[in-house]
Amino acid sequence: MLSAADPLPLRPERVLLAGVTGSGKTTLARRIGELWDLRHVEIDGLFHGENWTPRPSFIDDVRAFAAEDRWVTEWQYTSKGTDEILAPRAQLVIWLDYPYRVVRTRLLRRTIGRSILRTRMWNDNVEKPIWKMFRGEPEENIIAWQTKTRHKWTERMPDVVGDHPHLIIVRLRHPRETERWLRAQAGASGVSIAPPKRRSRDR
């Protein structure tokens, strides 16, 4: 497993972003897509249909894009069968293993902001009103889901390493470390990267 200071042995063409809900997988996936000219497929957009119902074509859609040569996406919906499709095809996994206070703050800020602004997301869905945000079971409440799954990747990574020895895994432990890593990749690729938004709030 590599750290932020270790050089990559290759320039990957298929990348997975792992991390607890709220760690910033999608934002980083977009930036990596721009950096390495990879198609970013937001996997939430494939899963959520109208009124937050799962799309029947989800797994077929995952298979279709995973068969392509160049992509970056979030490693999610493992219980729905994505592991068997994505992991064998990926070359690089970036694991955002951030402190809990960081991911909790990020998730609350993102979710509350979307709820207040009634932000339209995948297939025209919107977040629940704030007064409903902390109610319900984890499968229906993203705040509770983060709490329930906060240790998921720490527990899973030893199996990932054993089951998929072809994967290069980079473990990033703080947003500042991620920025250093991104700058190093940009330098190696001879390109510039845009600065992150709200960086000071991640300290």
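This is a predicted model: local features need pLDDT of at least 70, side-chain atom pairs count only at pLDDT 80 or more; totals for chains, interfaces and linings use all residues.

User: Why are helix 1 and helix 8 called roughly parallel to each other?

Analyst: It comes down to the angle. The axes of helix 1 (residues 25–36) and helix 8 (residues 175–189) come within 10 Å and cross at roughly 15°. Angles under 35 degrees count as roughly parallel, so helix 1 and helix 8 get that label. Their crossing is right-handed.

User: Which residues of helix 1 and helix 8 meet?

Analyst: On the helix 1 side you have Leu28, Arg31, Ile32, Leu35 and Trp36, and they meet Thr178, Glu179, Trp181, Leu182, Gln185, Ala186 and Ser189 of helix 8. Sorted by type, the residues of this contact are 7 nonpolar, 3 polar and 2 charged.

User: What makes Gln185 count as buried?

Analyst: Its relative accessible area is 8%, and the cut-off for buried is under 20%. That is why Gln185, a residue of helix 8, counts as buried. Leaving aside residues up to four places away in sequence, Gln185 touches Leu8, Leu35 and Trp36. The C-alpha atoms of Gln185 and Pro7 are 8.3 Å apart, although 178 residues separate them along the chain.

User: And why does Ser189 count as partly exposed?

Analyst: Ser189 also lies in helix 8, but its relative accessibility is 23%. Not counting residues up to four places away in sequence, Ser189 touches Arg11 and Trp36. From C-alpha to C-alpha, Ser189 and Leu35 are 8.1 Å apart in space, yet 154 residues apart in sequence.

User: What is Phi of Asp37 near, and is Asp37 buried or exposed?

Analyst: Phi of Asp37 is near 60°, a positive value in a residue other than glycine. You'll find Asp37 in the loop between helix 1 and strand 2 (39–41). Its relative accessible area is 61%; exposed means over 50%, so Asp37 is exposed.

User: How do you know whether Tyr77 is buried or exposed?

Analyst: Tyr77 has a relative accessible area of 16%, and buried means under 20%, so Tyr77 is buried. Tyr77 sits in the loop between strand 3 (71–74) and helix 4. Phi of Tyr77 is near 60°, again positive in a residue other than glycine.

User: Which residues touch the most other members of the largest nonpolar core?

Analyst: That core has 25 residues, and Phe58, Val62, Trp75, Leu86, Val93 and Met157 touch the most other members. Strand 1 (14–19), helix 2 (43–47), helix 3 (58–66), helix 4 (83–89), strand 4 (92–96) and helix 7 (152–163) each supply at least two of its residues. Helix 3 gives the most, with 5 residues. Take Val62: beyond residues up to four places away in sequence, Val62 touches Ile43, Leu46, Thr82, Ile85 and Leu86. There's also a second, separate core of 24 residues, with Leu17, Leu28, Ile168 and Val170 among them.

User: How much of the chain counts as buried?

Analyst: Of its 203 residues, 45% do. As for contacts with a separation of 6 or more, 70% of them are between residues 24 or more positions apart.

How values were computed. Residues are numbered from 1 along each chain as its sequence is written. Side-chain values use heavy atoms; hydrogens and water are left out. Axes are lines fitted to C-alpha atoms, for helices over the stretch in contact, and angles run from 0 to 180 degrees between N-to-C directions. Helices (H or I, at least four residues) and strands (E, at least two) are DSSP runs, numbered from the N terminus. Angles under 35 degrees count as roughly parallel, over 145 as roughly antiparallel, 65 to 115 as roughly perpendicular and the rest as oblique. A crossing is left-handed if the near helix is turned anticlockwise from the far one by less than a right angle, and right-handed if clockwise. Contact means heavy atoms within 4.5 Å. Ala, Val, Leu, Ile, Met, Phe, Trp, Tyr, Cys and Pro count as nonpolar, Asp, Glu, Lys and Arg as charged, and the others, Gly among them, as polar. A nonpolar core is a set of buried Ala, Val, Leu, Ile, Met, Phe, Trp, Tyr and Cys residues joined through side-chain atoms within 4.5 Å. Buried means under 20% relative accessible area, exposed over 50%, partly exposed in between (1.4 Å probe, protein chains only).
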